[in-house]
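Trainee: I am new to this one. Can we go through the terms and see what backs them up?

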Amino acid sequence: MEKIPMTAGGFAALERELKQRQQVERPRIINAISEARAHGDLSENAEYHAAKEQQSLNEGRIADLEDKISRAEVIDVSKLSGDIVKFGATVTLVDEDTEEEKVWQIVGDSEADAKAGRISISSPVGRALIGKKKGASVEVVTPKGARSFEIADVRWA
């Protein structure tokens, strides 16, 4: 069984979502199914079919979350240090063409969120940065084409 690297924050978020789905969503959906059943003929009961669909989606997500949690390898980034980019590092990149600065934390696939400044270790940028040192120049093929970045800083949260 392959381990899934993630930060403590990412692991906690998965646990919160699992608890929400099991303790709030599941009972709500069961109630919706019961109410819809009380309306009679199930073959033409749109509320019943919608609630069963919600139940299927919720149970699928619960199974997915339980799998990820069971395979999680939580990495305590507060115990990491140095100027080499590794999982959990927060990296400041400077675009060598535009001088634009971007800050990314390298995280596991399940906790990546580009809008929140977290990129996956398996993304093109994440893969290009791993093992590189502060001050290094890195070429990355992005959806906007090849870009060159300088690693301006490597920090640990």
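Trainee: Which residues is Thr92 in contact with, leaving aside its neighbours within four places in sequence?
Mentor: This is a predicted model, so read each value as computed from that model. Thr92 is in contact with Glu101, Lys102, Val103, Glu150, Ile151, Ala152, Asp153 and Arg155. Thr92 itself lies in strand β3.

Trainee: Why is Thr92 called buried?
Mentor: Buried means under 20% relative accessible area. Thr92 has 8% relative accessibility, so Thr92 counts as buried.

Trainee: What makes the link between the side chains of Thr92 and Arg155 a polar contact?
Mentor: The cut-off for a pair of N or O atoms is 3.5 Å, and one must be able to donate a hydrogen and the other to accept it. The side chains of Thr92 and Arg155 are joined at 3.3 Å. That is within the cut-off, so the term applies.

Trainee: Where does Asn45 lie?
Mentor: Asn45 sits in the loop between α1 (8–38) and α2 (46–71).

Trainee: How do you know whether Asn45 is buried or exposed?
Mentor: Set its 4% relative accessibility against the 20% limit. The value is under the limit, so Asn45 is buried.

Trainee: What does the side chain of Asn45 reach?
Mentor: It reaches the backbone oxygen of Ala36, at 2.6 Å. A polar atom of the Asn45 side chain also lies 3.2 Å from the backbone nitrogen of Glu47. Leaving aside neighbours within four places in sequence, Asn45 is in contact with Ala36, His39 and Gly40.

Trainee: What makes a set of residues a nonpolar core?
Mentor: Its members are buried nonpolar residues of listed kinds, joined through side-chain atoms within 4.5 Å. The largest one here has 16 residues. Val85, Val91, Leu93, Leu129 and Ile151 touch the most other members. The largest share of this core, four residues, comes from β7. A second, separate core of nine residues includes Phe11, Leu14, Leu18 and Leu65.

Trainee: Which residues does Leu129 contact, leaving aside its neighbours within four places in sequence?
Mentor: Leu129 is in contact with Val85, Val91, Leu93, Ile106, Val138 and Ile151.

Trainee: How many residues line the largest pocket, and which lie nearest its centre?
Mentor: The lining has 19 residues, with Lys102, Trp104, Val125, Thr142 and Arg147 nearest the centre. The pocket holds about 350 Å³ of space. β5 gives the most to the lining, with three residues.

Trainee: What classes make up that lining?
Mentor: Nine residues are nonpolar, three polar and seven charged.

Definitions and conventions
Residues are numbered from 1 along each chain as its sequence is written. This is a predicted model: local features need pLDDT of at least 70, side-chain atom pairs count only at pLDDT 80 or more; totals for chains, interfaces and linings use all residues. Side-chain values use heavy atoms; hydrogens and water are left out. On a 1 Å grid over the protein atoms alone, a cavity is a set of points where a 1.4 Å probe fits but cannot get out, and a pocket is an open set with protein on both sides within 12 Å along at least five of seven lines; lining residues have an atom within 4 Å of a point. Grid points are joined across faces, edges and corners, and a volume is the space filled by probe spheres set on the points. Helices (H or I, at least four residues) and strands (E, at least two) are DSSP runs, numbered from the N terminus. Ala, Val, Leu, Ile, Met, Phe, Trp, Tyr, Cys and Pro count as nonpolar, Asp, Glu, Lys and Arg as charged, and the others, Gly among them, as polar. Buried means under 20% relative accessible area, exposed over 50%, partly exposed in between (1.4 Å probe, protein chains only). Contact means heavy atoms within 4.5 Å.
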